Amino acid sequence: MNYGEIKKYDIADGPGVRVTLFVSGCRHHCKGCFNAETWDFHYGNPYTEKNHPYIAGLTLLGGEPFEPENQRELVKLLKKVREMYPKKNIWSYSGYVYDKDLIPGGRAYTEVTDEMLSYIDVLVDGPFVEDLKDITLQFRGSSNQRILNLREMKL
C-alpha cells in the first residue's frame, strides 16, 4: 500500500488535532475531488510502520481506505493504534456506502472488512458529489455523505 501524505497536525478531518493518513488508490473518481492525485494506487510512498512514531488520534482519507488492496495493510495499522491508544478515536472517510458496499457481498467487502470497521469509531461514508457540495457541512464535502458513529451503532 502507498500513501500520499501524512499530516501530523490536522484539524479539518475530525474533531481536535489529529494525525491524518491519505492512502493512495481510489476507483470512485468523484468529479471535483480535492485529492485526485491519490486515485493512483502507485502515487506517493510505500507505507511502512516506521512512518508513525506516535499517533494521538487518526483519520484515514484517500484515495480510498476501503479499496480491497488497502484494507489488508490498514487493518494491521488500525489494530496497533487501537491497542496502543485505546482511548483515542479513529475516523475514516470512504466513498463506499457502509450498509451497501461494506457488508458481505458488497463491492468493497473482503475477509478483513469487518475487523477494519471494528477499530473505527466514526465513518464518513458516500462518494463526494460535486452537485451536492456544501462548504457549511462539518467534516463532509457533500450533503449525501453521512457521519456514522460506528460505536453507537454496535450497541
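Contact here means heavy atoms within 4.5 Å. Every view below shows a predicted model, in which local features need pLDDT of at least 70, side-chain atom pairs count only at pLDDT 80 or more, and totals for chains, interfaces and linings use all residues. Residues are numbered from 1 along each chain as its sequence is written, and side-chain values use heavy atoms, with hydrogens and water left out.

**View 1. F66 and its contacts.**
Which residues does F66 touch, once its neighbours within four places in sequence are set aside? The list is Q71, S92, S94, Y96, L102, A108, T113, M116, L117, I120 and L123. F66 also turns up among the residues with the most contacts inside the largest nonpolar core, together with L21, L58, L78 and M116.

**View 2. Two nonpolar cores.**
A nonpolar core is a set of buried Ala, Val, Leu, Ile, Met, Phe, Trp, Tyr and Cys residues joined through side-chain atoms within 4.5 Å. Buried means under 20% relative accessible area, exposed means over 50%, and partly exposed is in between (1.4 Å probe, protein chains only). The largest core has 26 residues. Strands β2 and β4 (58-61) and helices α1 (68-84) and α3 (113-119) each supply at least two of its residues. It's α1 that gives the most, with five residues. A second, separate core has seven residues, including F22, L61, Y93 and V122. As a bit of background, in soluble globular proteins nonpolar side chains tend to be buried together.

**View 3. The sheet and the helix that packs on it.**
Helices (H or I, at least four residues) and strands (E, at least two) are DSSP runs, numbered from the N terminus. Two strands pair if DSSP finds at least two bridges between them. With those rules, seven strands form an open sheet in the order β3-β1-β2-β4-β5-β6-β7, with mixed pairing. The edge strands are β3 and β7, and each of them pairs on one side only. Helix α1 packs on this sheet, touching β2, β4 and β5 (90-94), and its direction makes about 170° with that of β4. That angle is taken between N-to-C directions and can run from 0 to 180 degrees, using axes that are lines fitted to C-alpha atoms, for helices over the stretch in contact.

**View 4. Strand β1 and its two partners.**
How many bridges join β1 to β2 (residues 18-23)? There are five, and the two strands run antiparallel.

**View 5. Cysteines without a bond.**
A disulfide is a covalent bond between the sulfur atoms of two cysteines. In this model, a disulfide is called when a pair of cysteine sulfur atoms is within 2.5 Å, and the count comes to zero. C33 is in no disulfide either, with the sulfur of C30, the nearest one, 6.3 Å away. C26 counts as buried because its relative accessibility is 8%, while C33, at 27%, counts as partly exposed.

The peptide bond from G62 to G63 is cis, with omega near 15°. G63 is found in the loop between β4 and α1. H29 has a phi near 50°, a positive value in a residue other than glycine, and this residue is found in the loop between β2 and β3. Is H29 buried or partly exposed? At 45% relative accessibility, H29 counts as partly exposed. F139 has a positive phi too, near 65°, and lies in the loop between β6 and β7. At 17% relative accessibility, F139 counts as buried.

**View 6. D134 in its loop.**
D134 is found in the loop between β6 (122-125) and β7 (146-149). Leaving aside neighbours within four places in sequence, D134 is in contact with R140, G141 and S142. D134 and N144 are 10 residues apart in sequence, and their C-alpha atoms are 9.9 Å apart in space. With 26% relative accessibility, D134 counts as partly exposed.
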